[in-house]
Every structure is written in C-alpha cells, then in structure tokens.
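Dear colleague,

I am passing on the structure we spoke about, and below it you will find my notes on a few of its parts. Please read them with the model open beside you.

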Amino acid sequence: MVKHQPLQVYERQLCLSCITGIYGCRWKRYQRSHDDTTKWELLWSLVLLFTFCALLVWFYFWLEAHNDYNEFNWSLYNRSGEWSDGTVPVLATTAAGFTYIAFLMVLALCHVALGQQLNLHWLHKIGVTAALLTTLVGVISINETWRHEWDIIPISLQATGPFLHIGAVAAATALSWIVAGQVARADRTSFQVVVLVLYLGLLLGLYVVPLYIASPCIMDPSNLRPRPDVIGHQGAPMLAPENTMWSFQRALQMNVTGWETDVAISVDGIPFLMHDSTLRRTTDVENIFPDRQMEDAAMFNWTDLQQLNAGRWFLKDDPFWTTHTLSSHERSRIANQSVCSLEELLKLASYHNATVVFRLRRPPVGHRCYHSWINDTLQAVERSGVPQSLVMWTPDEDRDQVRRLAPGLVQTSLVKQDPQRLREASISQLVLRYSQATTREIRDLSEKNISLTLYTVNEPWLYSVLWCSDVSAVSSEAPHVLKKVPYPIWLLRPDEYCLMWVCADLISFVAVIAIFILQNYHVIRYRTSGMRSYNPEQIMLNAAVRRSSRDLNVMKEKLIFSEVGNGVGSGEEPYADGPDDYDYLADKGGSQ
C-alpha cells in the first residue's frame with residue numbers, strides 16, 4: 001500500500017523556461033523536447049538565418065550611408081515635391097527589425113546549445129516573414145532609385161574591414177562552444193563530419209580573409225601625403241542655408257580653401273546660385289509668387305529673385321538637425337539671407353583668396369540667354385575682378401572659346417576620363433563623386449599632376465580613406481566635422497597589421513581546440529558516469545505536448561507514484577503541474 005507523503009515544489013528552471021517560452025511558447029517542462037528538430041522547423045531556422053544575414057547587410061549599409069543622407073532626402077524631394085527626412089523611418093524600422101531578428105537568433109542558438117528542440121512560434125514566423133519581405137522590398141527600391149549608393153559598402157570596408165575581421169573571428173570562436181557540444185553529443189558519424197566540415201571551412205575562410213583586405217590606410221606613415229584641402233559644398237549647408245553668403249562665410253570659418261556651387265542664369269542674364277531647378281525648397285516663392293512656384297528658377301529675373309528670402313526655410317525644415325545649436329545672432333542672420341549671385345561669391349573669393357568650382361546649368365529652351373549663357377557667365381567672372389586662377393571652369397561646351405576669352409581659368413572636367421585624354425584637352429582638374437575613383441586611379445592621376453576633387457565627403461572615416469589614397473581635395477557639406485580630423489582615424493604599417501591578424505587567428509585557433517577538448521571531456525565523463533533511465537510514463541509525458549489535459553494529468557499522477565515507489569526525489573524532472581501552475585515531486589523518503 002502506498003503511503004502518500006507531503007509533496008514538494010520543484011526548483012524552477014527560470015532561464016530555460018524563458019528561452020523556450022519566448023521562442024516557441026513552451027513555458028512548461030512537459031512541453032519541451034530533446035528530440036531532433038523536424039525538417040519543417042529546420043527550414044524555418046534557415047529562413048531565420050537568411051533574414052538575419054540580410055538585415056545585417058541592410059543595417060550596415062544604412063549606417064555607412066550616413067555620409068549621403070542629404071542626397072537621399074533630396075532624391076525623395078524630387079519625387080514627392082515635399083522635403084522631409086526620409087532616413088528617420090528607414091533607420092527606425094531597420095533598427096527594430098534587426099534587433100528583433102538578432103534576438104530570435106540568440107534564442108535559437110541557446111536552444112541548440114541546451115539540446116532543446118527548435119519550434120518557432122507562429123507569431124514569430126509571421127514576424128520573420130514580415131522582416132524578410134520588408135528588407136527585400138527596401139533592397140529592390142534602393143536598387144531602382146539609388147543604385148550607385150551600394151558602392152558605399154566596398155568603400156567602407158576599406159576603413160572597417162580589418163576590425164570587422166577580428167569581430168567575425170571572435171564570433172566564430174564563441175560559436176565553437178555550440179558546435180563542439182553538438183559534435184560531441186551526436187550519435188551519427190555523418191552528422192559529426194558534416195558539422196565539422198562546415199564549421200572548419202567557415203573558420204578557415206575567416207582566417208585567410210585578411211589576404212583579400214585592401215585598405216589604403218595600411219601603409220607606411222612616412223608615405224602619407226599632406227592633408228587634403230576641404231572645399232565647402234554649397235558653403236557650409238549644415239550650419240547655414242545652402243548657397244547663401246552666410247553659408248560661404250561660415251565655411252571660411254571652418255578653414256575651407258574654396259567652395260563648390262551650382263549656377264543658373266536669370267532671364268535678364270545674371271548668373272545666380274541655385275541647386276534645384278525650382279525655387280520651392282530653398283526660398284519663400286510660394287508666398288511671394290504663388291502662381292510661379294513650379295516655374296524653372298531660370299525663368300525669373302534678378303529683380304524678382306532678390307525679393308525672395310533664402311534663409312527662413314532652413315530654420316523651419318532643419319534639414320540637418322542642427323538648428324538647435326544656433327545662437328540668436330545666427331538665427332537672425334539666417335532669417336535675412338537672400339538669393340546670392342555668382343558675382344557676389346566671386347568677389348568674396350577674391351577677397352579671401354579662395355577657389356570656386358561651379359556647375360553651370362544651361363537655361364531651358366526658349367530662354368533669352370539659351371545661346372549666350374557661356375558669354376553671360378564669363379562677363380560675370382570678369383566683372384567680379386577675381387583672379388582667373390581661382391575659378392575652376394567645368395562646362396564642356398565651347399571650351400576653346402573660353403580658353404581664348406579667359407585663358408587663366410582652370411579647366412576642370414566633371415566627367416571621368418583617361419588621364420592622357422585630359423592632358424590632351426589641357427584639363428588639369430577633375431571633380432568626381434567619391435565612388436567614381438579607386439585608390440589606384442587616384443594615385444595614377446596624382447602621379448600625372450592632375451588634381452582630383454571628390455564629393456561629397458562628410459564622414460571622418462571616408463575622409464581618412466581618401467587621405468590615405470592621396471586625393472588632393474574633397475568637397476564637403478560638413479567642413480566643421482572634417483576640421484576636427486588632423487590625422488587619419490587609423491593608420492597601420494603592413495607588418496603591424498600582419499602581426500595583428502595572425503595573432504588573432506592563432507588565439508582563436510587555440511581557443512577552438514581547447515573548447516572542443518573540454519566539450520568532449522564533459523560528454524565522455526557524463527557517459528561513463530552512467531546515464532539515468534526514465535520510466536515509460538515519463539517518456540510518454542515528454543512527447544505528450546498536444547494531448548488533452550486529462551491525459552496529461554493521468555500520466556503525471558502515474559509518474560509521481562512511480563517515482564515515489566522507486567525512491568526518486570530529484571527536483572529536475574521534466575513535468576509540469578495542472579491548473580495551479582505548480583509542479584510537484586515526491587519526497588525521497590516515501591514509504592510503502
């Protein structure tokens with residue numbers, strides 16, 4: 001006859017309950033299983049892994065694309081007609097999605113490490129699918145509208161590659177604990193071989209990656225050239241409204257050597273500074289001339305243009321999130337800015353001995369100056385009194401005529417060409433986007449005495465990479481940021497870098513070997529110490545996740561009495577209690 005003893009509450013496994021509960025809603029012990037993961041769940045694990053990798057690349061892309069956020073917002077403006085910071089929702093959703101998927105990946109790895117069956121909850125499956133589809137839609141959209149920005153990834157790897165390699169090796173080394181445990185506990189030799197081959201292949205690939213990492217910042221510091229000049233792109237547009245006199249003056253305060261700007265020509269032949277084709281974004285034309293706000297900026301005369309305010313929009317839209325740093329005096333100056341003419345800028349350049357690079361936009365067909373636009377611009381240059389050597393002339397049209405009328409202008413090209421062709425055309429300056437020139441091409445141009453200016457460079461890491469590549473000048477919207485970069489962010493001698501990655505690989509290799517030995521030792525010790533046998537009721541209970549509560553209660557009762565009869569009193573048996581959420585265990589001292 002069985003004598004009932006007072007039952008005790010078992011010691012809860014809080015951590016394991018949270019892992020299995022959050023991942024697959026398996027909060028109770030009897031819901032967990034050490035069985036092999038089903039093929040369907042393995043497929044979902046692969047989908048989760050692919051989503052994690054896709055989001056990792058997508059997240060990295062947007063972190064490094066910070067240099068070009070203004071370019072992205074401007075492209076959105078051209079499509080929608082309304083200015084807004086489109087990077088905010090993109091970054092928020094990307095960060096949220098990546099955090100969520102990374103969390104699920106950690107939980108999945110914990111399941112594998114603890115020998116638990118993977119069983120992703122259906123709500124998480126919906127979340128993973130949504131994250132994957134959102135990422136794919138984002139990638140397709142960027143590929144259609146901003147394709148050239150993908151170049152930022154290989155360029156940024158020149159700055160981050162050596163350090164990402166060390167981080168990847170550290171992550172792969174930590175992963176060896178899980179891999180070693182799986183290999184040591186596996187019963188099938190084929191499974192052990194496959195896992196080992198895959199893992200060691202990954203590890204070996206990471207070990208030799210530095211052989212393919214090429215960074216201009218891995219060089220002898222004695223070969224580093226002088227600091228590249230910084231040219232203010234439209235002045236200092238993060239500190240003042242673009243293409244205004246106050247913006248150019250602020251740029252001078254940041255030690256720029258010149259400015260880059262865009263020039264249009266008014267109906268009465270006055271060249272003026274304007275980046276957009278219309279006046280809507282950077283002036284109050286909708287208030288002064290509401291019926292003409294969609295007209296081309298070149299269709300206004302200079303008298304009308306001077307009536308417009310070119311500063312208040314900056315305080316209202318805050319395009320770079322910098323207006324909170326402005327003093328009351330600066331706000332007052334900004335609010336009174338007007339459209340700036342090319343002649344005014346050239347006079348300022350002459351006074352401060354600063355260079356000017358401008359893109360000249362030809363007026364639309366039917367414009368009064370459609371045929372005379374080159375002469376009108378040359379006359380403005382002559383009237384300003386600026387030394388011609390300070391002006392970089394970029395239009396390709398009528399270059400021979402320009403050379404005859406103004407032989408002192410610095411002939412500059414905005415189109416990438418072979419250095420030999422540039423010399424034959426007597427072009428000594430080249431202005432390109434930073435992604436259009438490789439390190440080798442930059443150095444080839446430097447050796448042939450062709451000055452290269454790259455735009456738009458706002459981030460210190462990009463400035464450092466281009467500095468190490470021997471670029472002569474950069475055009476920047478953030479001269480106040482680059483002013484704080486007196487030396488490349490990092491610079492390593494080739495032998496120092498070689499020593500660094502070899503040491504990292506050796507430490508990783510030794511750690512992996514030690515982890516595999518330790519895991520095998522634990523498994524062998526566990527097996528030789530004798531495995532605990534479970535009775536049939538307990539085995540049935542482990543597999544009875546989807547059975548009715550009545551059946552579960554019957555099996556639990558059998559298990560309790562069976563263990564009492566066998567004198568078992570461990571508090572770690574995998575079964576759970578009924579409605580009151582308490583699991584019970586018989587005392588070791590149960591008597592017959």
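In what follows, two residues are said to be in contact when heavy atoms of theirs lie within 4.5 Å. Please bear in mind throughout that this is a predicted model.

I begin with a pair of helices. Helix α2 (residues 39-64) and helix α4 (residues 87-114) have axes that come within 9 Å and cross at roughly 145 degrees, and the crossing in which α2 passes α4 is left-handed. From α2 the contact takes in Leu48, Leu49, Thr51, Phe52, Leu55, Leu56, Trp58, Phe59 and Trp62, which meet Thr87, Val90, Leu91, Thr94, Ala95, Gly97, Phe98, Ile101, Ala102, Leu104, Met105 and Ala108 of α4. Sorted by class, the residues of this contact comprise 17 nonpolar and 4 polar ones, with no charged residue.

The next part is strand β3 (residues 258-265), of which 8 of the 8 residues are buried, so the strand is largely enclosed by the rest of the structure. Gly258, Glu260, Asp262 and Ala264 point one way from β3, while Trp259, Thr261, Val263 and Ile265 point the other way, and all of them are buried.

Which strands pair with β3, and in what sense? Strand β2 (residues 229-233) pairs with β3 in the parallel sense over 3 bridges, and within this pairing glycine 232 stands opposite tryptophan 259 of β3. Strand β5 (residues 355-360) also runs parallel to β3, to which 6 bridges join it, and valine 357 in β5 is the bridge partner of glutamate 260. Strand β4 (residues 271-273), by contrast, runs antiparallel to β3 and is joined to it by 3 bridges, with proline 271 in β4 as the bridge partner of isoleucine 265. β3 and β4 form a hairpin with 5 residues between them, and in the turn glycine 269 has a positive phi of about 85 degrees.

The crossing of α8 and α13 is right-handed. Met245, Phe248, Gln249 and Leu252 of α8 make the contact with Glu344, Leu345, Leu348 and His352 of α13, and by class the contact of α8 with α13 has 5 nonpolar, 2 polar and 1 charged residues.

With best wishes

Notes: Residues numbered from 1 in each chain as written. Predicted model: local features only at pLDDT ≥ 70, side-chain atom pairs only at ≥ 80, totals over all residues. Heavy atoms only, no water. Axes fitted to C-alpha atoms, helices over the stretch in contact; angles between N-to-C directions. Helix = DSSP H or I, 4+ residues; strand = E, 2+ residues; numbered from the N terminus. Left-handed = near helix turned anticlockwise from the far one by under 90°. Nonpolar A, V, L, I, M, F, W, Y, C, P; charged D, E, K, R; others polar. Buried < 20%, exposed > 50% of the residue type's maximum accessible area, 1.4 Å probe, protein only. Pairing = 2+ DSSP bridges.
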